[in-house]
Amino acid sequence: MDTFTVTPRFAVKMLEKSLRLYTPSLSEKPMAEFLADKCDDLGFEDIQIDEVGNIIAKKGSGSPKIMLCGHMDVVPGKVKVRKEGDSLYGRGASDAKAPLMAMLFAAASIQNNNGTVYFVGAVDEEGNATGVKNLVKKELGIDYAIFGEPSGIKQVTIAYKGRLAINLKISVDDSSHASAPWLSKNAIQESMVFVKELKDRLEKNQEGRSRGMLLTITMTEIKGGTSHNVTPKDCETTFDIRIPVDMNCKTIEQQIATHVKEIAQERDVEAFYSILDETEPFEASHTSPLVRAFTLGIMEVEHARPTLIRKTGTGDMNVLGNQWNIPVVTYGPGDPHEAHTIDEKVSIDEYLRGIEILKKTLQHLKRLHDKNI
């Protein structure tokens, strides 16, 4: 039996406590220990922190086996934790501690013989997905997986774009004094031209596509130059490419290879690129029992049908969905536009309703799963 009942007040207090733990990527240990402690209080079994720092705990018994996976890490930057009206402020309030804590309390509601829930707090989702990459190696025999990210409680995320992060180094033959810039090419200026040309070539012919289906290239970092009065000989840029679900990393990489070679010849510069990160896009089945269970759960609490959405970002769902081949969705209370902002917040009311929706979804999923067997 549960050692105590989870009241709304307790659920809010625990979210607030989790926000007071500042846990940037790969510094999630305090959060993992906090969650392990809570799981123990809430009657979970087999509570463990794995080799990379993920917390995994089990509740209930029988089929189906459902994984509820949220991430414990936040992007850097502290936000003062405080309550103002219906808003709770703090780094990670929306992305993704509200979804994570909502999953914890929903999972805690599972009684024996109503299915087995694995609650997971993953590390490094905002970094290089170390947590989920380790998780997919485990033989857990999961039937369904739900990932916790802020979608708003009337929206279920069924697709994420893929991602390529590329480092591009441009080198020119020589540098010169800044007072005689005509004597040599300028690696920083050449990089700007190069990236713009590459962007134009990769992004062409996309008229009429929705944002969720656009290939986008965004320059995110640049470094070059050695001195304030010398033209730069080398320049490195990093750019982030988001790939929609009807494309894949390999074909985009082949295009990059061709374009980089051509542009380098045209501009008469040396260009080397390397791939820093590669995550394939992913779209889940729209008709799985999992999507159906969510539809019923949301209708019960919100009295409205949910919208199935494609997000322009990339999430842990991509990694696991592409590997395990099971029904998955991403869901959670919180406004996705609050994620990573300087004054991140979540609606307390939405967080509490999110817990109820997840509880109902788990009940519907058990029933639909048994009917399908």
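Visitor: Where is proline 64 found?
Guide: Proline 64 sits in the loop between strand 2 (55-61) and strand 3 (65-71). This is a predicted model. The bond joining serine 63 and proline 64 is a cis peptide bond, with omega about 0 degrees.
Visitor: Which residue does a cis peptide bond join to aspartate 95?
Guide: Alanine 96. Omega for that bond is about 5 degrees. Alanine 96 is in helix 3.
Visitor: What does helix 3 give to the largest nonpolar core?
Guide: The largest nonpolar core has 57 residues, and those with the most contacts inside it are Leu35, Met101, Phe105 and Tyr351. Helix 3 (residues 93-108) gives the most to this core, with 11 residues. As a general point, nonpolar side chains in soluble globular proteins tend to be buried together.
Visitor: What is leucine 35 in contact with?
Guide: Setting aside neighbours within four places in sequence, leucine 35 contacts Ile55, Met72, Leu100, Met101, Leu104 and Phe119.
Visitor: Switching to backbone angles. What is the phi of alanine 129?
Guide: Positive, about 60 degrees, although alanine 129 is not a glycine. Alanine 129 lies in the loop between strand 6 (115-122) and helix 4 (130-135).
Visitor: Is alanine 129 buried or exposed?
Guide: Alanine 129 counts as buried because its relative accessible area is 11%, and the cut-off for buried is under 20%.
Visitor: And aspartate 268, buried or exposed?
Guide: Aspartate 268 is exposed, with a relative accessible area of 56%. Aspartate 268 also has a positive phi of about 60 degrees although it is not a glycine. Its place is the loop between helix 6 (249-267) and strand 12.
Visitor: Which residue of strand 12 can you tell me about?
Guide: Threonine 279, in strand 12 (residues 270-279). Threonine 279 is buried, with a relative accessible area of 11%.
Visitor: What is threonine 279 in contact with?
Guide: Leaving out neighbours within four places in sequence, threonine 279 touches Gly162, Arg163, Cys249, Thr314, Asn318 and Val319. Among the buried residues of helix 8 are Asn318 and Val319.
Visitor: How many residues of helix 8 are buried?
Guide: Seven of the nine residues in helix 8 (residues 316-324) are buried, so that helix is mostly covered. The buried residues are Asp316, Met317, Asn318, Val319, Leu320, Gly321 and Trp324.
Visitor: What follows helix 8?
Guide: Asparagine 325, whose phi is positive, near 60 degrees.
Visitor: Now the whole thing. How many helices and strands?
Guide: The protein has nine helices and 16 strands. Of its 373 residues, 53% are buried.
Visitor: Last one: what about surface and charge?
Guide: The accessible surface comes to about 17,000 Å², and 49% of that belongs to carbon and sulfur atoms. There are 46 positive and 53 negative charges, and their mean positions are 4 Å apart.

Technical notes
Residues are numbered from 1 along each chain as its sequence is written. This is a predicted model: local features need pLDDT of at least 70, side-chain atom pairs count only at pLDDT 80 or more; totals for chains, interfaces and linings use all residues. Side-chain values use heavy atoms; hydrogens and water are left out. Helices (H or I, at least four residues) and strands (E, at least two) are DSSP runs, numbered from the N terminus. Buried means under 20% relative accessible area, exposed over 50%, partly exposed in between (1.4 Å probe, protein chains only). Accessible areas come from the Shrake-Rupley method with a 1.4 Å probe; for residues, only the protein chains shown count as cover. Lys and Arg count as positive and Asp and Glu as negative; His and the chain ends are not counted. The place of a charge is taken as NZ of Lys, CZ of Arg, CG of Asp or CD of Glu. A nonpolar core is a set of buried Ala, Val, Leu, Ile, Met, Phe, Trp, Tyr and Cys residues joined through side-chain atoms within 4.5 Å. Contact means heavy atoms within 4.5 Å.
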